[in-house]
Amino acid sequence: VQLQAFGGGLVQPGGSLRLSCAASGSLSAFYLMAWYRQAPGKQRELVASITRRGSTNHVDSVKGRFAISRDNAKNTVYLQMNSLKPEDTAVYYCDAKAGFIDYWGQGTQVTVSS
């Protein structure tokens, strides 16, 4: 299984980005998919998750601004990020859980700066 994350970049505060995480196989293989982020000098933190049935969860700091979604036909999970803040700057990783195994994408850099 391979996960490829892309869509990061440099954006001004208040701007938007959409991250994509493309899986090499069917998303139905994973009971949970998630986006994490890691800022310099900080631990990796969970940003949002979505279950196989489509139930979502977002960390309080991004609620109302970010939205995780999935397109099973495209084997892709998205993270729509709006109203971006400088503190959202981090490397964003996608994660897929199947049984006791975690699969990770390579990370995509998001930088929010004027």
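Strands, in the sense used today, are DSSP runs of E at least two residues long, numbered from the N terminus. With that term in place, S83 can be located in the loop between β8 and β9. Good morning, colleagues. The model I am presenting is a predicted one, and I shall begin with the chain as a whole before turning to particular residues.

The chain contains zero helices and 11 strands. Read from the N terminus, its elements run β-β-β-β-β-β-β-β-β-β-β. The radius of gyration is 13 Å, close to the 13 Å that the globule rule gives for 114 residues, so the chain is as compact as a globular protein of that length. Along the principal axes, the C-alpha atoms fill a box of roughly 40 × 25 × 25 Å. Of the 114 residues, 42% are buried. As for contacts between residues at least 6 apart in sequence, 51% of them join residues at least 24 apart.

In which order do its four strands stand? The order is β1-β3-β8-β7, the sheet is open, and the pairing is antiparallel. The edges are taken by β1 and β7, each of which has a single partner strand, so one side of each is left without a neighbour in the sheet. On average, neighbouring strands here are turned by 15° against each other, direction ignored.

On one side, β3 pairs with strand β1, residues 3–6, in the antiparallel sense over four bridges. Within that pairing, F6 stands opposite S20 of β3. With β8, strand β3 also pairs in the antiparallel sense, here over six bridges. In this second pairing, L17 stands opposite M81 of β8, and C21 has V77 of β8 as its bridge partner. Is β3 mostly covered or mostly uncovered? It is mostly covered, with five of its seven residues buried.

C21 brings us to the disulfide. How many disulfides does the structure hold? The structure holds one. The bond is formed by C21 and C94, whose sulfur atoms are 2.3 Å apart. It links distant parts of the chain: C21 belongs to strand β3, residues 17–23, while C94 belongs to strand β9, residues 90–98, and the two are 73 residues apart. The link is right-handed, with 65° about the S-S bond.

G105 is found in the loop between β10, residues 101–104, and β11. Its relative accessible area is 11%, so G105 counts as buried. How far apart are G105 and C21 in sequence and in space? They are 84 residues apart in sequence and 7.6 Å apart in space, C-alpha to C-alpha. Not counting residues up to four places away in sequence, G105 touches L3, Y93 and C94.

Which residues does Q109 contact, leaving aside its neighbours within four places in sequence? They are G8, G9, T89, A90 and V91. The side chain of Q109 also makes a polar contact with the side chain of T111, at 3.3 Å. Q109 and A96 are 13 residues apart in sequence, yet 19 Å apart in space, C-alpha to C-alpha.

Finally, two loop residues call for a remark on backbone geometry. Most residues other than glycine have a negative phi. N75, although not a glycine, has a positive phi of about 55°. This residue, N75, lies in the loop between β7, residues 66–71, and β8, residues 76–81. S83 is likewise not a glycine, and its phi is positive at about 50°. Is S83 buried or partly exposed? With a relative accessibility of 39%, S83 counts as partly exposed.

To close, I would return to the residue that joins two of these topics. Thank you for your attention.

Technical notes. Residues numbered from 1 in each chain as written. Predicted model: local features only at pLDDT ≥ 70, side-chain atom pairs only at ≥ 80, totals over all residues. Heavy atoms only, no water. Disulfide = S-S within 2.5 Å. Buried < 20%, exposed > 50% of the residue type's maximum accessible area, 1.4 Å probe, protein only. Pairing = 2+ DSSP bridges. Axes fitted to C-alpha atoms, helices over the stretch in contact; angles between N-to-C directions. Contact = heavy atoms within 4.5 Å. Polar contact = N/O pair within 3.5 Å; in protein donor to acceptor, adjacent residues only side chain to side chain. Rg over C-alpha atoms; globule rule 2.2 N^0.38 Å.
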